[in-house]
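Welcome! Let's take a walk through this structure together, starting with its ligand and ending with a pair of helices.

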Amino acid sequence: MVDAIIIGAGACGLMCAVQAGFLGKQVILLEKNDKAGAKILISGGGRCNYTNLFSSPANFISQNEHFSKSTFSQWTVEDSISFFEAYGIYGQEKTLGQLFPENNKAKDIVDVFTSLCDDLGQTIRLQADVKSVQRKEDGSFAVMYEHQGKSKTLEAPAVVIASGGLPVQKMGATDFGLRIAKEFGLKIVPTAPALVPLTVTGKDAEWFASLSGNSIFCRVSNERISFEENILFTHWGLSGPAILQISSYWRPGEWVELDLLPGRNILELIEQERQQNGKRSLLTLLAQLYTRKIADALAKYLPVDKNLASLSKADLQAVEQQIHYFRVKPAGDKGYDRAEVMRGGVDTSELSSKTLEAKKVPGLYFGGECVDVTGWLGGYNFQWAWASGFVIAQRI
Ligand SMILES: Cc1cc2nc3c(=O)[nH]c(=O)nc-3n(C[C@H](O)[C@H](O)[C@H](O)COP(=O)(O)OP(=O)(O)OC[C@H]3O[C@@H](n4cnc5c(N)ncnc54)[C@H](O)[C@@H]3O)c2cc1C
């Protein structure tokens, strides 16, 4: 009999298994894929943005914004950095605190865990599709799984649900964590795709599609928050880091506002240019600020052919409106197959913030993406997965 059965050999489950091993506990990881850490391998474009130097609880969305504080005080960003450094992975900051392995290989991150599991005698059973978790009369658990066409059962005093969220089914994503939580009578915060591209349909669709492949550095806002990063026009709407970020805060039917020139004032720029050369067209100025394609496309909204000196008050108002307060009402999002994470999940009020154990079901733990703690884009979600795996390992 092992000390715990961990369901899911992803970021949270692998960290949990290794940390439990350091404490002399024996676990078995059950993973339905034929390899461990499938999502780690594809993360950050195969480079794995494994943490963020500026990670704090404020970068996470949850119905209880205080819930993650205890976990993050037990396993910090420095802990993630020094853990990987101990196994030869040094971080390189790309942008906005995002840390990637120096050699850009996500595989090295997975290798750290699989070789540590080997060294510590922790079993990773692949192609083990867990079907059910049942509590026995003595308080221990029976976990039933299918392996190579056969049904098998394992028993342990503790079970860790580290089976991730709904995004990217072909990577092994399932609703398993949510289903088990419901079966044990735990509440679920409604889930939705997050860090996901947004679609634009209707009369504006063609305009967005015509700019496909062009990007602009923007401030993207709604009533709750704003982000300054690139947006990317696509055939079906908008993507790019700033859009992925705001998507986690966006609700269907809401507008998103784009400041296409953050930190600068288009009217002041026009005034300066006017004084130097009032004969220049608005198009020439816009083509200096953006790609020519974008400047041409703005003709739909602005009198781009007029020269700067002849812009009327109404023209200037229109320029200010379109450049600093460009509004778009997305039709929807690209769904779980294009999302990086899931928003919502197991309601944190059901879990101890110190141990991540279900309050109603002693011995049952939830960590990683299946819990209602969703990070921003930029290494935050792995930080949560490592931290929650560590915290659970201390208790099982
Ligand atoms: C394309 C993409 C890129 C990303 N890039 C980054 C990034 O660079 N930085 C970052 O911080 N985050 C990134 N993320 C998010 C990050 O991958 C997740 O937040 C993180 O993997 C969650 O860890 P987890 O352990 O909870 O779940 P996962 O890593 O998803 O692991 C869960 C595991 O459970 C297994 N499983 C599910 N159901 C069962 C079952 N019934 N039986 C057995 N096994 C089961 C799954 O096969 C899976 O291997 C990215 C996500 C995607 C989709």
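This is a predicted model: local features need pLDDT of at least 70, side-chain atom pairs count only at pLDDT 80 or more; totals for chains, interfaces and linings use all residues.

Let's begin with the ligand. There are 33 residues around it, and those that come nearest are C12, E31, T174, E369 and F382. By class, this shell divides into 14 nonpolar, 13 polar and six charged residues.

At C12, a polar backbone atom is 2.8 Å from an oxygen atom of the ligand. Nitrogen atoms of the ligand take part as well: one is 3.1 Å from a polar backbone atom of K32, and a backbone N or O atom of V130 lies 3.0 Å from a nitrogen atom of the ligand. On its own, the ligand has 990 Å² of accessible area, and the protein covers 93% of that. Which elements give two or more residues to the shell around the ligand? They are the helices α1 (11-22), α2 (38-46) and α13 (380-395), together with the strand β8 (128-135).

Now let's turn to the helix pair. Two packed helices are described by the angle between their axes and the distance between those axes. Here, helix α9 spans residues 266-277 and helix α12 spans residues 313-324. Their axes come within 9 Å and cross at roughly 130°, and α9 and α12 are therefore oblique to each other.

Where the two helices touch, α9 brings I266, L267, I270 and R274, while α12 brings L316, V319, E320, I323 and H324. This contact of α9 with α12 has six nonpolar residues, one polar residue and two charged ones.

Methods. Residues are numbered from 1 along each chain as its sequence is written. Side-chain values use heavy atoms; hydrogens and water are left out. Axes are lines fitted to C-alpha atoms, for helices over the stretch in contact, and angles run from 0 to 180 degrees between N-to-C directions. Helices (H or I, at least four residues) and strands (E, at least two) are DSSP runs, numbered from the N terminus. Angles under 35 degrees count as roughly parallel, over 145 as roughly antiparallel, 65 to 115 as roughly perpendicular and the rest as oblique. Contact means heavy atoms within 4.5 Å. Ala, Val, Leu, Ile, Met, Phe, Trp, Tyr, Cys and Pro count as nonpolar, Asp, Glu, Lys and Arg as charged, and the others, Gly among them, as polar. A residue is near a molecule or strand if one of its heavy atoms lies within 4 Å of it. A polar contact is a pair of N or O atoms within 3.5 Å; within protein, one must be able to donate a hydrogen and the other to accept it, and residues adjacent in sequence count only if both atoms are side-chain atoms. Accessible areas come from the Shrake-Rupley method with a 1.4 Å probe; for residues, only the protein chains shown count as cover.
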